[in-house]
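Dear colleague,

I am passing on the structure below, and after it I describe what I found there. Please keep it open while you read.

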Amino acid sequence: MKTMKKILIAVLTAFALSTASAAIAQDAAKAGKDECLLISKGCKDQVDSIQQKIKRINTEIKKGKKVYSADDLKKLEQKLKETEDLLNTLGKPGR
Amino acid sequence: MKKSNVLAALAAMGLTVAATVPAMALENEFHGMFQAQYINSNFNGTNTTSIEHFDANNVSVGNNAAVYGGDTQYVPFGQPKHVYSANFVEQRARLGYTAKANADLKLVTAFELDYTYWGDNSYETHRSHGAAIGADQVNLETKSIYLDANILKNVNMRLGMMPYNDSFKSILFDADMAGIAFASSYNKFTPTIGYFRFNDTGVNQDKVLGHLTNDLFVLDGKYEVSKELKVGAAYYFFRNNSETTDPILFNTISQQDVKLSSFGLNAEYTSGPLTLNGFGIFQAGTVDKRSTTAWALNTGAKYNVGPGTARVEFLYVSGDNGTTGHSNAFYSVFNNVNSAEHGYWNNEMVILGRDKNAMTTDNSIIATTGNFGQGQIGGYIGYDLPVTDKLSTAANAGFAAVAKDNSIITTKPHKSNYLGTEINAEANYKLLENLSVGVRAAYVFLGDYYKDVALNNETPVNPYDAKVIFKYTF
């Protein structure tokens, strides 16, 4: 019985911890932040074409300081430049 | 530890790992493009765009017309005046895969599969070929493989074979190159430092790697003075003592002797509908045992006028009319198989300058910035007109001359420095999301630089080029 109690406590602790993580993620989502773009989190179901990705980043940048911090916005702008550079590289002329 | 405690610990760890997996997942990103174009031309894919090649022992190894749809440069000299029109279809696919561990670390790769023209050959091992019946060609090209890591706060490192270009509209270098580059950002200042190895031919020359090389050192900085004004400065050092392409006679491979510094300034100013930009580059050092001072100047402007955008570009590049003594020939980067690893696409030319739609078949009247040591003077105007959400059009005109005539290809002086006037027009229609079909046609009124240079002292007919282009990017 004592052993069962230990297992139960350990499992509940782990569950509580994971729930707390989920709650943090939910808070970020509630704040309207796109964490996949920002910190490469929660991207597993997202497959964008390069044009969709550019559109998505632009949409997020437009949300501005109401949603994102100055650092976040800088990261998004960097990401936009990287993606536009990739698009240019894909279409680059020559051999 | 008791068995039950171990079980409890494992159960707890299992749940914790399960909860953290999404955060640690590798982000896999695939992108790519497909382009197929029909070309009708008396320029591309004909004998007038193929230079005879020589190996290290100065023995002719033929030309590249049948291999790469031309050899980058317009060379009608001694060729028949009339040229049969070429008709062919060229095809390209590029695939890019990025493995992103997190926001600060990723591996970037890019690959290319080309067919120079449908029907070229099959069942072989040859880059840019494989479109004859049966296919089964070994033709996968690796464009780039590099690590991109934010190793410190505000310091990004790129390491490996990467696409990299200068800060001067690509007139010095724009290519995939192996090296290391650090970029940083401090408020409005963005400095970059880099080192690249273009070639190492020690294994052919003295069986020792690392000192008969072709290298580039880069120092580059940009500063945002205000929202409207951005300025930049760069220093590039070229050092080449490898057995590679001659920067002037770029169809000849020989032991090089280059130690050249390039200093450049650039600026961009935006005000309402107007964008102004430009740069100046000064080069000093030694190129092929000749002391060299060379320079280039550029201005460009865009202005939103009416329903579209008007564009203007001007480029001057110094040249030299001799092949000995002090030189004013401008130096840019070449590879080891005779083509420019740089370009000036901002002029929107098809024949007079490098074509933005060119793939393996990539020929032009001015194919290199130095232009066989002759330099160039060019003025270009254009207008972009979007008609609907799906249809866009553009028209351009260009006027170009050599800065100095050195008669290096024809061995006799030309009648004029004027190369020609190009007019071109294009229309692009969005068939589906990400898929477009376009038409682009160009015609050049040749200048007197080409007067009487064809076979029997005749003047070559004016070149033209027409393309129908399907392009899908994802």
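Before the strands are described, one cut-off is needed: two strands are taken to pair if DSSP finds at least two bridges between them. This is a predicted model, and what follows should be read with that in mind.

In chain B, strand β2 (residues 86-102) and strand β3 (residues 105-115) form a hairpin with 2 residues between them, and the two pair in the antiparallel sense over 11 bridges. Within that pairing, B:L95 stands opposite B:F111 in β3(B). On to the next partner: β3(B) also pairs in the antiparallel sense with strand β4 (residues 140-152) of chain B, over 9 bridges, and here B:A110 stands opposite B:S144 in β4(B).

As for the chain overall, chain B holds 3 helices and 20 strands, and buried residues make up 38% of its 474 residues. Of the contacts in chain B with a separation of 6 or more, 59% are between residues 24 or more positions apart.

The largest nonpolar core has 59 residues, and B:I351 and B:L352 are those with the most contacts inside it. Leaving aside residues up to four places away in sequence, B:L352 touches several others, among them B:I365, B:I366, B:A400 and B:V444. A second, separate core of 6 residues includes B:A86, B:F88, B:Y117 and B:A131.

With best wishes

Technical notes:
Residues numbered from 1 in each chain as written. Chains lettered and ligands numbered in written order. Predicted model: local features only at pLDDT ≥ 70, side-chain atom pairs only at ≥ 80, totals over all residues. Core = buried A, V, L, I, M, F, W, Y, C linked by C-beta atoms within 7 Å. Buried ≥ 20, exposed ≤ 12 C-beta atoms within 10 Å, placed from the backbone. Contact = placed C-beta atoms within 7 Å. Helix = DSSP H or I, 4+ residues; strand = E, 2+ residues; numbered from the N terminus.
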